[in-house]
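I opened the model today to look up a few packing details. My notes follow in the order I took them.

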Amino acid sequence: MFTYQTRFEHAKPVELSSTPPTPEELSLSVELCGKVQQALDTLEAESSTFYGTARSSAELLSHVFLLVDDARPDFKQRSSGRDSLCLTPRIFRKGMLPAPVTLSHVSADWRAVALDTTSLWNWIDVRGGGAELRRVGTWLARSGGLPLHLHVTIEASHPPSDIADMIVPYLQRVKDIQTVIQSSTGIEFLSRLANASDPTTDYQLRVLKVHYSQRSSRFSGAVLRLGEHARSLFSRLDLLVLSGVGISGWPEWQVKKACIYLMGDLGRQMTWNKVLGPVLWGLPLLKELNVGILYDLEYETPSNDVPPAIATFPSLSGMKIQTTFRNFERLLAIMEAPKLSSLEFQCYHSFDGHVDISSMANFVRRHTALQQLTLDTSGGEDDLNLVAVMESFPYAPSLEMLTLIASHGSADLLLTRVRSVLQNLPNIKYFRFNQMDFSLGALKSFLRDVQQPLTVYLDGGFVGAPSESYPDAPALETIPSLVQADLETLARTLSDRDILLAWSETTFVAAPES
């Protein structure tokens with residue numbers, strides 16, 4: 001029988017804060033402790049099969065603490081998009097009561113176990129100020145010799161040097177750093193860490209995320225100035241995320257994945273050389289590259305006619321570019337990635353004047369490993385952007401999947417352009433149309449001309465037909481269901497030709513007569 005005392009009615013409060021908890025803190029704390037008690041009750045009910053393997057009740061409780069403390073983020077996995085990359089995880093938000101503190105204030109027994117469980121204390125929220133730095137020092141001491149995962153917030157009221165000096169003695173144990181900069185001098189925190197690193201030391205740092213906060217209009221971005229001294233600390237990163245931060249003096253690093261974001265007014269302050277230049281010529285081992293830049297970047301060279309050197313990425317397999325068409329064309333013109341299999345382009349703003357896709361066309365022709373291509377012009381003001389691209393789409397024999405995303409509006413003209421370039425895609429297997437509005441007649445015409453086996457997927461958007469197509473419809477309200485029935489009939493017919501037509505979250509409507 002399990003006799004370790006954990007029931008709340010027998011708990012002895014230890015060092016409870018004199019400040020009343022917020023409703024959110026109280027709710028989360030009760031929920032966390034309830035999870036612990038529920039886990040212990042479950043284990044007690046199954047004691048005959050479990051307790052024989054547990055060396056002590058304290059060890060068992062320690063394992064339960066770790067199991068229920070599920071708020072700790074995985075910095076590597078939070079990389080699906082810009083917002084999640086830059087978002088401060090809930091566990092690190094100011095005012096939140098961390099799970100280890102909650103668990104250590106339930107009873108004397110729980111506190112003893114929590115303080116001995118070093119794995120509870122190595123995810124640390126780092127902030128400036130005397131009281132906060134003392135708390136950070138306490139957590140660092142309780143973390144034993146485990147790898148450290150740090151979320152660092154640099155506020156204007158606290159010198160970045162004070163925070164850096166707290167971290168430097170433990171630098172060899174730091175595995176992940178996520179930094180939110182809210183001051184004009186906050187970027188000096190990372191430079192100070194790099195200057196304090198030992199070139200002969202093998203550091204563990206694998207994830208570095210730097211987000212320059214846009215809360216204040218006084219700050220227009222930051223430049224991280226690094227040199228050879230940074231090589232030992234930053235050279236073995238698996239993931240690098242820079243949001244609102246440029247790089248100067250970048251040594252060659254071994255980064256496998258890089259995400260560079262310059263949004264809002266920050267993008268206006270940066271130049272090609274500070275943003276894309278260091279990435280292109282400093283990260284030859286990249287396997288995945290994400291770039292988000294809202295505005296056209298200018299060169300720092302005396303003349304824009306001076307072409308940059310070609311940057312080669314022998315291992316790059318996936319690339320997502322969110323920027324203007326001008327930046328996109330420039331980037332593809334100076335890149336070689338022989339193993340690139342997936343390319344996604346999200347265009348910001350409408351194309352300005354004549355659409356020149358020569359760099360993209362040449363890039364697609366050269367890269368024979370390219371199998372997936374996504375073109376998203378929904379950030380523009382009209383659908384003609386994508387139509388213009390498809391008019392000059394290159395011959396791409398390796399391409400198997402093409403995803404087209406446009407803003408809402410009639411996409412029938414786009415279908416005619418896609419139909420005309422099918423001959424340039426001899427091995428295409430999958431078409432995906434996202435958030436587009438088609439007429440049923442245009443879809444039928446497009447699919448009738450498809451000669452090869454193909455999957456066509458409609459993701460969202462509308463499919464409509466004029467009411468005149470259904471003279472026997474009892475009421476106008478019944479036409480959407482008739483349109484859907486016609487599309488289902490079309491899908492069954494196409495299956496005989498090895499063409500799969502599928503849709504999800506698509507709305508069927510009665511469209512005006514064209």
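Entry 1, a helix pair. I am working from a predicted model. I looked up how helix H7 (residues 130–142) lies against H8, and found that their axes come within 11 Å and cross at roughly 15°. An angle under 35 degrees counts as roughly parallel, so I put H7 down as roughly parallel to H8. The crossing of H7 past H8 is right-handed. Next I listed the residues that meet: from H7 I have Leu133, Val136, Gly137 and Leu140, and from H8 I have Asp162, Ile163 and Met166.

Helix H8 covers 160–167 and strand S3 covers 174–182, and I found Pro169 in the loop between them. Is Pro169 buried or exposed? Its relative accessibility is 63%, and the cut-off for exposed is over 50%, so I noted Pro169 as exposed. I also checked Pro169 against Ala196, which is 27 residues away along the chain; their C-alpha atoms are 9.4 Å apart.

The largest nonpolar core holds 123 residues, and the members that touch the most others are Met319, Leu404, Phe431 and Phe433. Which helix gives the most to this core? I found that H18 (residues 479–495) does, with six residues. Apart from this core I noted another, of five residues, including Val207, Val241, Cys259 and Tyr261. As background, nonpolar side chains in soluble globular proteins tend to be buried together.

I then took Leu404 by itself and left out its neighbours within four places in sequence. Its remaining contacts are Leu375, Leu386, Met390, Leu414, Val418, Arg432, Phe433, Asn434 and Met436.

I looked up an open sheet of three strands, which runs in the order S17-S19-S21 with parallel pairing. Why is one side of S17 and of S21 left without a neighbour in the sheet? Strand S17 (437–439) and strand S21 (507–510) are at the edges and each has a single partner strand, so one side of each has no neighbour there. On average, neighbouring strands of this sheet are turned by 25° against each other, direction ignored.

Between strand S19 (residues 462–465) and S21 I recorded four bridges, in the parallel sense. Ala465 has Ala510 of S21 opposite. Last, I checked what packs on the sheet: H18 does, touching S19 and S21, and its direction makes about 120° with that of S21.

Methods: Residues are numbered from 1 along each chain as its sequence is written. This is a predicted model: local features need pLDDT of at least 70, side-chain atom pairs count only at pLDDT 80 or more; totals for chains, interfaces and linings use all residues. Side-chain values use heavy atoms; hydrogens and water are left out. A nonpolar core is a set of buried Ala, Val, Leu, Ile, Met, Phe, Trp, Tyr and Cys residues joined through side-chain atoms within 4.5 Å. Buried means under 20% relative accessible area, exposed over 50%, partly exposed in between (1.4 Å probe, protein chains only). Helices (H or I, at least four residues) and strands (E, at least two) are DSSP runs, numbered from the N terminus. Contact means heavy atoms within 4.5 Å. Two strands pair if DSSP finds at least two bridges between them. Axes are lines fitted to C-alpha atoms, for helices over the stretch in contact, and angles run from 0 to 180 degrees between N-to-C directions. Angles under 35 degrees count as roughly parallel, over 145 as roughly antiparallel, 65 to 115 as roughly perpendicular and the rest as oblique. A crossing is left-handed if the near helix is turned anticlockwise from the far one by less than a right angle, and right-handed if clockwise.
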